[in-house]
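I opened this one with a few simple look-ups in mind. Here are my notes, in the order I made them.

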Amino acid sequence: MPTLFPSAVWIALAVTLAAGLATGLGSLMVIFSRRPDPRLLAFGLAFAGGAMVYVSLTEILGKSIASFSESYGPQWGFAAGTAAFLGGMGLIVLIDHFVPNPHDGLSVDDPAFHDDNRAYIKRVGLLTAVAITAHNFPEGLATFFATLDNPSVGMPLALAIAIHNIPEGIAIAVPVYFATHRKDYAFIASLVSGLAEPLGALIGYLLLSRFLSPAVFGAVFGVIAGIMVFLALDELLPAAKRYAKGHETVYGLVGGMATLAISLVLFKW
C-alpha cells in the first residue's frame, strides 16, 4: 500500500469528516439555546431522509448494479446489486438489534435528568455515545465511497448525513451536559462520536483498497444504498413526524428529494 493516499481519497475523507463534525453543531444547540425549533428540526430531518432515499435509489443502487454488471453481465449484475442492497438493510438491522440507537427517546424534559440522579445520567450519556458511534461507522463508509467514486453524488449525500448528525449531537450532549454541567465535555463527547465516521471510512478503505474491483465496488454501493434507505425510513422520517406540528415532514421529504435531484442535474453540466 502506498504511503500517501491519492488526492481523491483525501477529498473523500475531508467530505466524510465534515459530515461527522455536524454532531458538534448539535451539541452547540444544546449548550447555547434552550431548545431547537421543533418544526424546523422536523423539516430538516425529513429533508435529510428524502435526500438519502432519493440518492440511494436513483444513483447509488444504480452504480452497484452497473459495477456488478461489468463482472457478471446485466442479468446477474442486477441480481447481485439487489442482493447487496437487501444485505445492507440486513446489516443495519443487526447493528440496531445488538446496539440499539437510543437518541430518539432522549429529551431535556425527561424526569430522570435531575441533579440528584447524576449516576443514571452519566450511564445514559455513555450508552448513547457508544450506540451512536456504532451507527456512525456505516454512515462514514457510505459518504466516503460515494464521494470517492463520484463527488457529485457523495457531497449531497454528505450534506444529508450532516443534517442527520445534528440531532445525534443533541442526544449525546444532553446527558453529558446535565451530568457534568461542563459545556466543553458535552461538546467534546459529541465531536468524538462524529469522528467515528471518518474513522470508519479510513478503516474500510484500508481493508478494501487492495481488493477494489468492479465487483467489490458493486457490493459496497449496494450495501450503502440499503443502509441509507433503512436509516431514512427507520430513524429520520419517524423522528421528523414526532417533532412536526403540521406538514413539515412531507414538505421536508419532497424538498430533500427535489434538492438532490436538481443538484445531480446541475453536476452533470
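Entry 1, a helix pair. I looked at how α4 passes α9, and the crossing is right-handed; that word applies when the near helix is turned clockwise from the far one by less than a right angle, and left-handed is the anticlockwise case. Helix α4 covers residues 74-98 and helix α9 residues 214-243, and the two pack at an angle of about 50° with their axes 7 Å apart. That makes α4 oblique to α9. My angle classes are roughly parallel under 35 degrees, roughly antiparallel over 145, roughly perpendicular from 65 to 115, and oblique for the rest. The axes are lines fitted to C-alpha atoms, for helices over the stretch in contact, and the angles run from 0 to 180 degrees between N-to-C directions.

A note on what I am reading: this is a predicted model, where local features need pLDDT of at least 70 and side-chain atom pairs count only at pLDDT 80 or more, while totals for chains, interfaces and linings use all residues. Residues are numbered from 1 along each chain as its sequence is written, and side-chain values use heavy atoms, with hydrogens and water left out.

I find ten helices and zero strands in the chain. Helices (H or I, at least four residues) and strands (E, at least two) are DSSP runs, numbered from the N terminus. Of the 269 residues in the chain, 49% are buried. Buried stands for under 20% relative accessible area, exposed for over 50%, and partly exposed for what lies in between (1.4 Å probe, protein chains only).

Helix α1 (residues 7-20) has 14 residues and spans 20 Å from its first C-alpha to its last, close to the 20 Å expected at 1.5 Å a residue; the expected span is 1.5 Å times one less than the number of residues. Its buried residues are Val9, Ala12, Leu13, Val15, Thr16, Ala19 and Gly20. Seen down the axis of α1, they fall within an arc of 160°, so they line one face of the helix. The arc is taken from the directions from the helix axis to the C-beta atoms.

Helix α7 (residues 183-194) has twelve residues and reaches 17 Å, close to the 16 Å expected. Ala186, Ser190, Ser193 and Gly194 are buried there. They cover an arc of only 105° around the axis, which puts them on the same side of α7.

How many does a search of the whole structure find? It finds one, counting a side-chain nitrogen of Lys or Arg within 4 Å of a carboxyl oxygen of Asp or Glu. The partners are Arg182 and Asp184, whose closest N and O atoms are 2.6 Å apart. Arg182 is partly exposed at 35% relative accessible area, and Asp184 is partly exposed at 33%.

Met29 sits in helix α2 (residues 22-32) and is partly exposed at 26%. Met29 and Gly169 are 140 residues apart in sequence and 8.8 Å apart in space, C-alpha to C-alpha. Ser213 lies in the loop between α8 (196-208) and α9, partly exposed at 27%. Ser213 and Glu70 are 143 residues apart in sequence, with 9.8 Å between their C-alpha atoms. Trp76, in helix α4, is exposed at 65%.
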